[in-house]
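Here are my notes on this one, written for someone meeting it for the first time. Have a look at the model, then read on.

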Amino acid sequence: MRIKRLFWQLFTSNFLIIFLALLAFTFVITLTIESILMHRVSDDLEARAQLLHEDITQRFASDRLDDLDALCDDLGRRSQTRITVILPDGRVIADSEHDPRSMDNHRSRPEVQGALGGRVSTSTRFSATLELSTMYAAIPLRRHGRVFGVLRTAVPVQTVETSIRSIQWQIALGGLGITFLAGLMSLLISRRITRPIEEMKDGARRFADGELGFRLPLPRTDELRDLARVMNTMAEQLQDRISVIVQQHSQQDAVLSSMIEGVLAFDTEERLININNSAAELLNIDPEKALGRSIQEAVRNVGLQHFVEHALSTDHAIEGYITLVDTKERFLQAHGSTLKDTSDTVIGVLVVLNDVTELRTLENVRKDFVANVSHELKTPITSIKGFVETLLDGAMHDKDDAARFLSIVSKQADRLNAIIEDLLSLSRIEQGSEREEITLVTGSVYDAMVSAVQSCSHDADAKSITLHLDGDEALRALMNPPLLEQALVNLIGNAIKYSEESKDVWVSAQLGDKDTVTIMVRDEGCGIEAEHLPRLFERFYRIDKARSRKMGGTGLGLAIVKHIAQAHRGFVEVQSTPGQGSVFTIVLRTTIDRDDDLEVA
Ligand code: ADP
C-alpha cells in the first residue's frame, strides 16, 4: 500500500471534488442552454411554417401550383429559411433552395412522417443537400380534415452549435479560473488542517527523542486541541516517572559507589551487569569495558568465577574467600546470593566482596605475637626451672654452684621482667595512643636528648663509647617528655649495643621542613642488611636472636620507639649500611595545627 501524506490526500481530494463538480456543472449547463436554444429555433421554425401555412393552402385550393416553387424561393430568401412543400407520397413539389425535380422522395424523413401523421414534427440532422447540420419543422397541410401535403421549414443549426461551443468555452475558461482559485484555496485549507498535525508529529518525535520538557502548542481545532493536551499530559507524566526512576537509579548508584564493599551483579548467563567502584578497584577492572561481558572475559580470577557459578547453582546465600594475586596478595570475603525478579524468577547473582586483607594480617600478627611472646617467655622460664631443679636435686648443697645457679636464675628473672616491662609499656603506649590519652606538650627537644644520653652514659662508659650531643637548645616540639626520652634511650641503647667498643654515637636534632623536628641517633656499629629494614620495627623481630638475647634485648625496643613516634603523630625511619653503621631518625611535629599524621617520606 502506498503511503501518502495527509496534506496531499486532502489537497488532491478537495481539488478533484471541485474539478468534477465544475465539469458536471458545465455539462448540465451546456445541455440546458443547448436544449433552450434548440427549442427556441424549433418554435421559430414552427411559427414561420404556421405563417406560410394559410398562403400555401390557398394555392392548393385554387390549384395555382405553378409558381409555388418561385413563391417558396422568394419567401425563403426573405426569411432566410429553407421552405419545402412535400406531397403525401413524399414527392417534393417546391423547395426554396433546390430544384424539386432533382430532389429524392422525402416520405421517409422523420419530420415528414410525423406531419403526415397529423402532428407538427421537428427533427435535427445533417442535411446532405445543404451539407450542414439542420433543424426541420414540418406541419401538415389540411383540407376538410385530410392531410394533402406537408409544409417544411428548415434552418441550419450551426449558429446554435457555435453559440453553445462559445458558451462551453467561456464556461471552461471560467471553470479553469475557478479551478485554479479552488485549488489555491484547497491548498491553503489543506495546509491549515495539516499544519497543527505536522506540529504535533514533530512534537511527538521530540518526545520520542527524550525531550520530555517540550510542550505541544494548542491548535485551534477542538479535537486536535484535546489531542495535544492529552499528549502534553502524557509527556509530563512520563517525565515525572522517568525522573523518579533516574533519581532512584542515581540513589542506588550513589549507595553502590559509596560502599566500601565491592558489589558485582551477573545475569544467569554469567555476564557482568553491574559493578561498583570498589569492586572495579579491587579487581582492577575498567567498568565501561567489562559491563556486558562474560565473567571469564571481565574478571580474570578463577576463584571468583567458581564462586559465581556456585552462587547461581544454589538457592541459598553462600559465603567464601577469594585470594587476589596482583602486585600484592589480597584476601576477599565473598557473599553471593541469587537475584530474583518480582515473579520470583532467578535473573542473576549478586556478589558482595569485602577486603579482609588487613584483618587477616592483623590476625596473623596477633597469632605471631602470641607465639613470639610464648616463646620469649618460655626461654627464661625453662632456664629458671632447669636451674631450680638442679639446685633441688642437690646442687644447692654446693655453695659455689648454688651461688652461680641462683645468679643465672636471677638474670633470667630480670629478663622475664624486662620482657614483661616492655610488653606492658608497649600496650600502655598503644592504648594511650588509641584512646588519645597521651598528652603532648611543647617541650625542649634538647632536654629530652640530654636526659636520654645521661640514662645511657653508664652503658656507653662500659664499652668506652663516646656519646656526642648536638642540637639547638631552643628547639621545641610537641612531645610527651617521658615517652620521647624512653624512645631515645631505646635508640641510643641499641646504638651502644650494636657498636664495637670505643666507637662514637651521635645524638643530634634539627628543624625539618613543614613544621617538623628531626632527632637522629647515628652509630658506627654493625649496620643492618637492607632485607631486614622493612620488618625491623615489628615486635620481637631480631636479626640475630642469640646476639640480641646475649645483650639483654627483648626484641621490643624498636616496636616501642615506633609506637611512641606514632603517639606523637610523627614517625621513625632507619637508614643503614652493613658494616658502617645506622641512622635512626624520629620526626616530631612542632605545632598542633596540622590535622594529619606525619608519614614516612
Ligand atoms: P633488641 O631488644 O633485640 O635490640 P630492638 O627492637 O631494639 O630489639 O631491635 C630489633 C633488632 O634490630 C635488633 O635485634 C638488632 O638486630 C637490630 N638493631 C636495632 N638497632 C640496631 C643498630 N643500631 N645497629 C644494628 N642493628 C640494630
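Which residues of α15 are buried? Keep that in mind for point 1.

1. The residues of α15 that are buried are Gly557, Leu558, Ala559, Ile560, Val561, His563, Ile564, Ala565 and Ala567. Buried here means under 20% relative accessible area, with exposed over 50% and partly exposed in between (1.4 Å probe, protein chains only). That leaves α15 (residues 557-567) mostly covered, with 9 of its 11 residues buried. Helices (H or I, at least four residues) and strands (E, at least two) are DSSP runs, numbered from the N terminus.

2. Before going further: this is a predicted model, where local features need pLDDT of at least 70 and side-chain atom pairs count only at pLDDT 80 or more, while totals for chains, interfaces and linings use all residues. Residues are numbered from 1 along each chain as its sequence is written, and side-chain values use heavy atoms, leaving out hydrogens and water.

3. What do the buried residues of α15 pack against? They pack against α11 (399-434), α13, β16 and β17, contact meaning heavy atoms within 4.5 Å. After α15 comes arginine 569, with a positive phi near 60°.

4. Now the sheet that β16 and β17 belong to: an open one of 5 strands, in the order β12-β14-β15-β17-β16, with mixed pairing. Two strands pair if DSSP finds at least two bridges between them. At the edges sit β12 (466-470) and β16 (571-577), each pairing on one side only. From one strand to the next, the twist averages 15°. (Axes are lines fitted to C-alpha atoms, for helices over the stretch in contact, and angles run from 0 to 180 degrees between N-to-C directions.)

5. Inside that sheet, β14 (residues 504-512) and β15 (residues 516-523) run antiparallel and are joined by 8 bridges. Look for tryptophan 506, which stands opposite arginine 522 in β15. Helix α12 (residues 445-462) packs on the sheet and touches β12, β14 and β15, its direction making about 175° with that of β12. Helix α13 (residues 481-497) lies across β12, β14, β15 and β17 (581-589), at about 25° to β15.

6. α13 also matters for the largest nonpolar core, which has 50 residues: the largest share, 8 residues, comes from α13. Such a core is a set of buried Ala, Val, Leu, Ile, Met, Phe, Trp, Tyr and Cys residues joined through side-chain atoms within 4.5 Å. Among the residues with the most contacts inside it are Val445, Leu488 and Ile492. Leaving aside neighbours within four places in sequence, isoleucine 492 is in contact with Ala452, Val453, Cys456, Leu467, Val507 and Val521.

7. A second, separate core has 25 residues, including Leu283, Ala311, Ile318 and Val351.

8. There is another open sheet of 5 strands, ordered β7-β6-β10-β9-β8, and its pairing is antiparallel. Its edge strands are β7 (272-275) and β8 (318-325). Neighbouring strands here are turned by 25° against each other on average, direction ignored. β6 (residues 262-267) pairs with β7 over 3 bridges, and leucine 264 stands opposite isoleucine 275 in β7.

9. Last, a hairpin. Strands β1 (residues 82-86) and β2 (residues 92-95) run antiparallel, joined by 3 bridges, and valine 85 has alanine 94 in β2 as its bridge partner. The hairpin has 5 residues between the strands, and glycine 90 takes a positive phi near 100°.
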